[in-house]
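This report describes selected strands, contacts and nonpolar cores of one protein model. The structure is shown below.

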Amino acid sequence: MIMATRITNQKLSKSSRAWMREHLDDHFVKKAQKEGYRARAAYKLLEIQEKYKLIKPGMTVVDLGAAPGSWSQIAGKLVGSKGLVIASDILEMDALPDVTFLQGDFREEEVFEKLLNILNGRQVDVVISDMAPNTSGNRAVDQPRQIYLCELALDFAQKVLGPNGQFVVKVFQGSGFDEFRKQVVDTFQVLKTIKPEASRARSKEVFLIGQRRKSG
C-alpha cells in the first residue's frame, strides 16, 4: 500500500510539472503577460468579440465568475466611461478601470440585491460567464458541476437581461450539454457556438452565444 501511494504521488507530481511547463510555454500565456491581460482567457473573449461584436460603447455588462478579471478588463475597455461593467466573484479581485466589483455569490439574495442597486435601473445588455468548477479529474463528477454553473448563469441572465440582451457562457461538451444548449435556444432568438483559438485543443470547452433574448 505504501509503495502504491508513493507511485501515485510521483505520477501526480510529474503531471503537475508537465502542466506547469506547458503553461509557461503557452503562446497565449506569454502574449497575455506581454499585453497586460490578467489571464490567457482574455483571448477567448477577444475572438468572440471580433466575430460577433457583442459589447459596444455605453453598454451594461455583467461578468460572472470574473476573477482574476481578464474578461472584465476587455469589457471595461469596450463599454468605456459611459458604460457599466459589474464583475462578480466569490473570490477577491484587484480593481480595474471602468469595472465595479461585487464580491459574493450571485445566487444569494443579498448579493443579487446589491447588484440591482449598482444597476440602479439600468438594463443589462450582456451577461458573460467563463466560470468553471474546481476540477477533480473525474469527469463523472466535474461535468455535472460545470453544467450546473452554466444553468445558474443562464438563470441569472434570464432575470436581468432586457429584450434583445445577449449571453456568453463556457460549457464543457459531454453529459448534459445538449439539454443545456436547448435551454439557451429556448431563451434566445439566435444561438452561436464557437471554440476559440485560445481554447486548448484537448479541452472539451466551447462557448455558447445567445443573441437577442426572446421577450415574454
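S4 and S5 are parallel partners joined over 5 bridges; strands are DSSP runs of E with at least two residues, helices are DSSP runs of H or I with at least four, and both are numbered from the N terminus. Two strands count as paired if DSSP finds at least two bridges between them. In this pairing, valine 126 stands opposite glutamine 166 in S5. S4 also pairs with S1 in the parallel sense, over 4 bridges, and there leucine 64 faces serine 129 in S4.

The model is predicted: local features need pLDDT of at least 70 and side-chain atom pairs count only at pLDDT 80 or more, while totals for chains, interfaces and linings use all residues. Residues are numbered from 1 along each chain as its sequence is written, and side-chain values use heavy atoms, leaving out hydrogens and water.

S4 is mostly covered, with 5 of its 6 residues buried; buried means under 20% relative accessible area, exposed over 50%, and partly exposed in between (1.4 Å probe, protein chains only).

| Residue | Strand | Relative accessible area |
|---|---|---|
| Glutamine 211 | S7 (residues 205–213) | 12% |
| Leucine 102 | S3 (residues 100–103) | 8% |

The side chain of glutamine 211 makes a polar contact with that of glutamine 166, at 3.4 Å. Such a contact is a pair of N or O atoms within 3.5 Å; within protein, one must be able to donate a hydrogen and the other to accept it, and residues adjacent in sequence count only if both atoms are side-chain atoms. Not counting residues up to four places away in sequence, glutamine 211 also touches residues including Tyr52, Phe188 and Lys192, where contact means heavy atoms within 4.5 Å.

Leucine 102 lies 15 residues from alanine 87 in sequence, and their C-alpha atoms are 6.1 Å apart. Beyond its neighbours within four places in sequence, leucine 102 is in contact with residues among them Ile86, Val111 and Ile118.

The largest nonpolar core has 32 residues, of which Leu64, Val127, Phe156, Phe167, Val169, Val171 and Phe180 touch the most other members. A nonpolar core is a set of buried Ala, Val, Leu, Ile, Met, Phe, Trp, Tyr and Cys residues joined through side-chain atoms within 4.5 Å. H6 provides the largest share, 9 residues. Apart from this core lies another, of 28 residues, among them Tyr37, Val99, Ile128 and Ile209.
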